Amino acid sequence: MLSEIIFYSLDKAIRQYRKFAQANIDRAGIDITIDQWLVLRVIEEFDDLTQAEMADRVFKDQASVARIIALLLKRGLLKAERLPQDGRRSQLRVSPLGHDVLVAVQPVVLSNRAVALTGLGDDDLAHLRQSLERIYNNCRPKLPFDSATVSATVPHAVPTEHEAS
């Protein structure tokens, strides 16, 4: 059954949280999506990232991040400042209006988190973070690729042609 697959349950919880969180932001009358909020927050915290680095941080592809940035610029939530040392490049900054939106949405974000985490104690959350971090690290690419390491760590791995001889 799907409900017995941990990744199905994880995805279901994340999707439900995003719907719940977006509905509460909308109900508060704040005109921003969760993805736009994430990009604004990343730019506020790290204003020297490339779009590729931003995409990695918000778990979106570069094209989606580029569209979000273009929309945030158009709405005046971001501003682009030309870099003096390279006139072809711009540095993104959260505008005063963007900062106001981040301030307005913060209580909603905190309330959403509190509701979603109701009944989970500090030990539960620490264990959950540790488990999720372990899953993340288990799935990260291991470089450089070494087929002998894979064969040694993956049960019943099929040896390569070179290893079989």
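Me: Asp 35 lies in helix 2. Why is Asp 35 called buried?

Reply: This structure is a predicted model. The relative accessible area computed for Asp 35 is 18%. Buried means under 20%, so with 18% Asp 35 is buried.

Me: Leaving aside neighbours within four places in sequence, which residues is Asp 35 in contact with?

Reply: Apart from those neighbours, Asp 35 is in contact with Arg 18, Lys 60 and Ile 68.

Me: How many salt bridges does a search of the whole structure find?

Reply: The search finds 8 salt bridges.

Me: What makes the pair Asp 11 and Arg 15 a salt bridge?

Reply: The closest N and O atoms of Asp 11 and Arg 15 are 2.7 Å apart. A salt bridge needs a side-chain nitrogen of Lys or Arg within 4 Å of a carboxyl oxygen of Asp or Glu, and therefore the pair at 2.7 Å qualifies.

Me: How are Asp 11 and Arg 15 placed in helix 1?

Reply: They are 4 residues apart in helix 1, which means a separation of about one helical turn.

Me: Why is Arg 15 called exposed, and why is Asp 11 called partly exposed?

Reply: Exposed means over 50% relative accessible area, and partly exposed lies between that value and the 20% limit for buried. Arg 15 has 52% and therefore counts as exposed. Asp 11 has 35%, so Asp 11 counts as partly exposed.

Me: How do you know that Glu 45 and Arg 41 form a salt bridge?

Reply: The side chains of Glu 45 and Arg 41 meet at 2.9 Å, N to O. With the limit at 4 Å, the pair therefore counts as a salt bridge. Glu 45 and Arg 41 are 4 residues apart in helix 2, so about one helical turn separates them. Glu 45, at 47%, is partly exposed, and Arg 41, at 23%, is partly exposed as well.

Me: What is the distance between the closest N and O atoms of Arg 75 and Asp 31, and which parts of the chain does this pair link?

Reply: Arg 75 forms a salt bridge with Asp 31, and the closest N and O atoms are 3.3 Å apart. The pair links distant parts of the chain, 44 residues apart. Arg 75 is in the loop between helix 4 (62–74) and strand 1 (78–83), while Asp 31 is in the loop between helix 1 and helix 2 (34–45). At 28%, Arg 75 counts as partly exposed; at 57%, Asp 31 counts as exposed.

Me: Why are helix 3 and helix 4 called roughly perpendicular?

Reply: Their axes come within 9 Å and cross at roughly 100 degrees. Angles of 65 to 115 degrees count as roughly perpendicular, and helix 3 and helix 4 are therefore roughly perpendicular to each other.

Me: Which residues of helix 3 and helix 4 meet?

Reply: From helix 3, Gln 51, Ala 52, Met 54, Ala 55 and Val 58 take part. They meet Gln 62, Val 65, Ala 66 and Ile 69 of helix 4.

Me: What makes Phe 59 stand out in its backbone, and is Phe 59 buried or exposed?

Reply: Phe 59 has a positive phi of about 60 degrees although it is not a glycine. The residue is placed in the loop between helix 3 and helix 4. Its relative accessibility is 71%, and since exposed means over 50%, Phe 59 counts as exposed.

Me: Which residues form the nonpolar patch on the surface?

Reply: The patch is formed by Leu 2, Ile 5, Ile 6, Phe 7, Tyr 8, Leu 10, Ile 14, Leu 128 and Leu 132, which together have about 790 Å² of accessible area. Helix 1 (6–27) and helix 6 (122–139) are the elements that give two or more residues to the patch. Helix 1 gives the most, with 5 residues.

Terms used. Residues are numbered from 1 along each chain as its sequence is written. This is a predicted model: local features need pLDDT of at least 70, side-chain atom pairs count only at pLDDT 80 or more; totals for chains, interfaces and linings use all residues. Side-chain values use heavy atoms; hydrogens and water are left out. Patches are made of residues with over 30% relative accessible area and no salt bridge: like charges are joined within 9 Å, nonpolar side chains (Val, Leu, Ile, Met, Phe, Trp, Tyr) within 5 Å. Accessible areas come from the Shrake-Rupley method with a 1.4 Å probe; for residues, only the protein chains shown count as cover. Buried means under 20% relative accessible area, exposed over 50%, partly exposed in between (1.4 Å probe, protein chains only). Axes are lines fitted to C-alpha atoms, for helices over the stretch in contact, and angles run from 0 to 180 degrees between N-to-C directions. Angles under 35 degrees count as roughly parallel, over 145 as roughly antiparallel, 65 to 115 as roughly perpendicular and the rest as oblique. Contact means heavy atoms within 4.5 Å.
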